[in-house]
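Please open the structure in your viewer and keep the selection tool at hand. We will take one stop after another, and at each stop you will hear what to select and what is there.

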Amino acid sequence: MVRSTPQKQIDEIYFPIRAYLYVPDGGFGGIWEPLHAWLDEHIGRPNYAWHGGGSSRGRDQVALYFRTAEALAGFTAAWPALQLADRVGDPSYTSPHVVRAPGSGRDDQVCHLYNQRRTVDEVKRNFDGQVMTVRVGNLEPGEVYPNSPGPIIRHDAGGGLELVYGRWGMPSHPGNLKTQRDPGVYNVRNLRSSHWQRWLGPARRCLVPVTSFSETRGPGRGNQWFAPSDPDLPMYFAGIETRGWRSVRRVKDGETEDDLYAFLTCSPSAEVKLTNPDSMPVILTKPSEWEMWMSAPLEMVTALQRPLPDGTLRAIDGPI
């Protein structure tokens with residue numbers, strides 16, 4: 001049902017969770033009645049609304065509004081054949097209502113060093129069954145520093161995934177730059193910032209392989225490293241990326257064009273809190289979390305911006 005413009009404005013206030021769906025080839029046809037019957041039974045007619053969604057990439061869309069992110073998650077699980085139009089499509093996708101992220105309204109500059117020792121075969125096994133193009137050669141293991149290259153998994157142009165190198169450090173907010181040089185932002189905390197909105201849609205999310213990471217103990221005290229308590233547990237930072245960004249990262253290099261990335265932070269787990277009481281990287285360890293981060297609407301993935309359960313990590317003497 002397409003509602004009037006005033007009704008849309010009302011619905012955007014009372015139904016803050018919105019997802020776009022592609023109209024199936026041939027229209028909704030025979031599923032229209034069972035679809036609405038499911039919504040009425042499981043969500044409740046007062047708790048959702050339909051609107052016309054325009055078109056994207058030559059395909060018609062509808063907009064489905066819910067009162068809660070849980071309702072949207074239940075709908076997408078029950079109707080997996082309906083394709084989310086914002087899955088990997090429009091890099092400019094932004095949510096009309098961003099759930100308040102945990103923590104303060106600032107971004108962090110923590111975790112200035114991490115280690116990556118996974119091989120290409122290990123990464124591909126983690127994503128078994130998904131098409132992944134490898135563009136990193138043999139994937140050199142080692143420590144990754146800010147403004148240096150690190151491997152990331154991102155969406156490719158064909159709808160699959162690709163393993164590529166990016167440069168660690170997303171563009172800084174122009175208002176924070178005192179010179180032409182942009183050192184980059186390595187960690188992102190404030191998902192409500194308008195600066196980050198353009199890169200928070202599914203098309204610009206990425207996963208960053210990591211085997212251990214460090215937090216600074218304090219001036220002159222070096223770093224404390226952390227690794228999974230289970231050595232077989234795969235870890236990926238929840239990241240965002242942008243491509244072909246022109247900026248001056250180092251004065252001696254002048255302006256360069258780079259593919260950039262950074263990853264989210266959150267409040268710390270018990271182990272990390274002993275070193276850094278404020279923050280730790282957002283780490284995803286399950287295939288369902290990787291899939292959700294790379295494909296789901298923003299309202300659903302803000303739930304992933306949380307620390308690992310206590311006991312998942314252990315403090316170690318150095319990188320592994």
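**The whole chain**

Start with everything shown: of the 320 residues of the protein chain, 52% count as buried, where buried means under 20% relative accessible area, exposed over 50% and partly exposed in between (1.4 Å probe, protein chains only). This is a predicted model, in which local features need pLDDT of at least 70 and side-chain atom pairs count only at pLDDT 80 or more, while totals for chains, interfaces and linings use all residues. Residues are numbered from 1 along each chain as its sequence is written, and side-chain values use heavy atoms, with hydrogens and water left out.

Switch to a cartoon view, and the secondary structure comes to eight helices and 17 strands. Helices (H or I, at least four residues) and strands (E, at least two) are DSSP runs, numbered from the N terminus. Among contacts between residues at least 6 apart in sequence, 72% join residues at least 24 apart; contact means heavy atoms within 4.5 Å.

**Stop one: helix H2**

Select residues 32–43, which make up helix H2. Which residues of H2 are buried? They are Leu35, His36, Trp38, Leu39 and Ile43. Seen down the axis of H2, these buried residues fall within an arc of 155 degrees, so they line one face of the helix; the arc is that of the directions from the helix axis to the C-beta atoms. Now turn to the other side of H2, where Glu33 and Glu41 are exposed. Just after H2, select glycine 44, which takes a positive phi of about 95 degrees.

**Stop two: salt bridges**

The structure holds 13 salt bridges, each a side-chain nitrogen of Lys or Arg within 4 Å of a carboxyl oxygen of Asp or Glu.

Select arginine 243 and glutamate 162, whose side chains meet in a salt bridge (3.9 Å, N to O). This pair links distant parts of the chain, with arginine 243 in strand E13 (residues 235–248) and glutamate 162 in strand E8 (residues 161–168), 81 residues apart. Arginine 243 is partly exposed, with a relative accessible area of 28%, whereas glutamate 162 counts as buried at 5%.

Next, pick arginine 249 and aspartate 182, which form a salt bridge at 4.0 Å, N to O. Arginine 249 lies in the loop between E13 and strand E14 (255–266), and aspartate 182 in the loop between E8 and strand E9 (187–188), so the pair ties together parts that are 67 residues apart in sequence. Are these two partners buried or exposed? Arginine 249 is buried, and so is aspartate 182.

**Stop three: aromatic rings**

Show the rings of Phe, Tyr and Trp (its six-membered ring), which pair if their centres lie within 6.5 Å; planes under 30 degrees apart count as stacked, over 60 as edge-to-face and the rest as tilted. The structure holds 18 aromatic pairs. Among them, tyrosine 114 and tryptophan 168 are edge-to-face, 5.1 Å centre to centre and with 70 degrees between the planes. Tyrosine 114 lies in strand E4 (residues 114–116) and tryptophan 168 in strand E8, so the pair ties together parts that are 54 residues apart in sequence. Tyrosine 114 counts as buried at 0% relative accessibility, and tryptophan 168 is buried with a relative accessible area of 0%.

Terms used: The expected span of a helix is 1.5 Å times one less than its number of residues.
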